[in-house]
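User: I would like to learn how to read a structure of this kind, from the whole chain down to a single residue. Where should I start?

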Amino acid sequence: MKSKVWLFKPIFYMLVILSVVLTLLTGLFNTSDRTLFYVEAALTITVILFVIIRLRNIQKDIKSFLQNMGQTLTSAQKETLTSFPIPVLVASRKGEIIWYNTLFQKSALGQDDMYGCNIDEIIPNIDMDHLAGSEGYEIEFRDHMFTVYAVESLERETPLVVFYFNDDTKLKKTAQEFEDTRPSVGVIMIDNCEELQQAAKESERAQLTGKIEYLLIQYVAASNGLLKKLERDKYLMVVEEKSLRTMLDNRFDVLDKVREIVVGDNQMPATLSIGIGRGATNLRDSEQMARQALEMALGRGGDQAAVRTANGYEFFGGVSKGIEKRTKVKTRIVASALMELIEGSDNVMLMGHQFADLDCLGAAVGLLKGVRMMGKPVSIVLSKERNLAQPLYERLINNGYEDAFLDPAMAVGLITKKTLLIVVDTHIQHILESEEVYKACKNVVVIDHHRKMVGHIDRAVIFYHEPYASSASEMVTELLQYFGDNRSIGRLEAEALLAGIMLDTRNFVLRTGVRTFEAAAYLRKLGADTVEVRKLFANTMESYQHKTQLVSAAEIYKGCAVATTSSNNEDIKLVAPQAADELLGINGVDASFVMYEYEGGTSFSARSMGAMNVQLIMEKMGGGGHQTMAGAQLVGIPLEDARQRLFQAIDEYHAENVAKQQKALGQ
């Protein structure tokens, strides 16, 4: 091509020069000779034709050059993809295999010829719809794990898809091994170690402790974990994540095995509480989370495992009744600390939960009298219209307690930096009578007996929590005994406290221990009249008829009586728990649930005689409570939808706990 260019250059220049000379001569001499004109025109036409021909030749040369360059690039690309360090496959949009490199052939079952095959036949879990994703997607193939990246090419008439298979098997196995071997710390505590030692004979004590410890050693050793004894009744456990998952799948069956341990004539079962810190960034944080989980398990009555993660808690077990603690040392210490806080405060406010019942108001009235005898200003924060203790409230008003009650809106304006807020009968922030009052008070004391729930008050100066107590009124009665002999409450306050105890124990039938009767005896000694207390439970004829209708309309589902009503009666929150109590008197009913519409949602009142743990069922519905008394509220959920959720929760409870519960009860 170069020789051709140099050949035409002299001719082209000569023609151009000759044409220019003729043009100048014509202009200078102004001749009319037509011959010179024709010669000039011929030369001009020749030059033009020469230029056109040359331009066409140049265009052909450029096209030829580009074609050669395209062939060179295609060859280089093929060579690059063939020796690409990861498997590559090219397929049509329909999945037909068009080309693949050597590494893919080695990965694809060792087949020699896969051209024309469908990609689904070679890799069944390939995704032809997941294209151009920068993050790729994961597949497993021939014991290997790949991250697949797919890019679609639309330059051809038939679109092609190029698949890049990044073999990250080693990386993923290493990551999985890291996840499986991450350590989790657990703290194990024997709930009733002291009671077991006291009930056992001298010769049986070492045997009892040895059996429990041997069982724990076997349990942890089977998981390749580490167990270290910290105290007489407390152990530290470290297990790997894969072993912890096995424990979770088995729902910590060591709880049931320990409960079966019986030595000599002692019929009291041993129970454990386990706290696990899972998913922490280091062992220190995991140990801290484990202690928080153990505290939560103990606060829920013990005999269960609580697993603490960054997302919250998960609970296992808790099917047996809590073991009553008979010692009052803690009560005396709390009473002394509470009196110091009262002495150092400007004023005291007492507050319970929304829709205060007899236990909530009774406990508040008892503390009100005790604080007044210490000479401190005190009041009860209570919604006068929205409470379930109207008979007691009216009786207090008629006996000189008009100035003792504060509306929540008015209470906020009376709070100072040294105001002491005492919360009774609840420890959950969102169900307080007034969250504004709680947030405005810097010093807070909590006195409650309900099993601890997630979202509890976490900034209390004193958190006096006894899940073994029958009621908040029982706890307040014990505290008042340590306020001093010269600070005894009167008959009116004693009857209010006794009413609270009778409400939560259903007239001393459920969840009553030795300390419950001791508290009731102390209140009786102060002049509490049981006849007057009984009058506080009286209902109107309309309420009694409503309760009867609920009971008669109930249905039985898996040993549970379920009653539903869409009635808008104002007394429904008072009637529902009474109807739930009545339903327990039916043969074959282990638990009762009353559902009713309230404020655009559905509320539940649940009761049992102990054979079923209604707390676990209500927790599945977003509520909580005690083993024999619980409740929940579903906001914005229609009655029928809530009913189906309840049946599902009952099914899950039976699948998870009934077999263990029957074993624990010796059935």
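**Surface, cores and one buried glutamate**

Analyst: Start with the surface. This is a predicted model; its chain exposes about 33700 Å², and carbon and sulfur atoms supply 54% of that area.

User: What share of the residues in the chain is buried?

Analyst: Of the 667 residues, 47% are buried. The secondary structure consists of 23 helices and 23 strands. Among contacts with a separation of 6 or more, 63% are between residues 24 or more positions apart.

User: Which residues touch the most other members of the largest nonpolar core?

Analyst: That core has 59 residues, and those touching the most other members are Leu-338, Leu-350, Leu-361, Phe-405, Ile-422, Ile-447 and Leu-523. Helix H12, residues 358–373, gives the most to this core, with nine residues. Leaving aside residues up to four places away in sequence, Leu-361 touches Leu-382, Ala-389, Leu-392, Tyr-393, Leu-396 and Phe-405. A second, separate core has 27 residues, including Ile-190, Leu-216, Val-258 and Val-307.

User: What does the side chain of Glu-241 join in a polar contact?

Analyst: The partner is the side chain of Arg-278, at 2.5 Å. Beyond residues up to four places away in sequence, Glu-241 touches Glu-179, Asp-180, Arg-182, Ser-184 and Arg-278.

Technical notes
Residues are numbered from 1 along each chain as its sequence is written. This is a predicted model: local features need pLDDT of at least 70, side-chain atom pairs count only at pLDDT 80 or more; totals for chains, interfaces and linings use all residues. Side-chain values use heavy atoms; hydrogens and water are left out. A polar contact is a pair of N or O atoms within 3.5 Å; within protein, one must be able to donate a hydrogen and the other to accept it, and residues adjacent in sequence count only if both atoms are side-chain atoms. Contact means heavy atoms within 4.5 Å. Helices (H or I, at least four residues) and strands (E, at least two) are DSSP runs, numbered from the N terminus. Buried means under 20% relative accessible area, exposed over 50%, partly exposed in between (1.4 Å probe, protein chains only). Accessible areas come from the Shrake-Rupley method with a 1.4 Å probe; for residues, only the protein chains shown count as cover. A nonpolar core is a set of buried Ala, Val, Leu, Ile, Met, Phe, Trp, Tyr and Cys residues joined through side-chain atoms within 4.5 Å.
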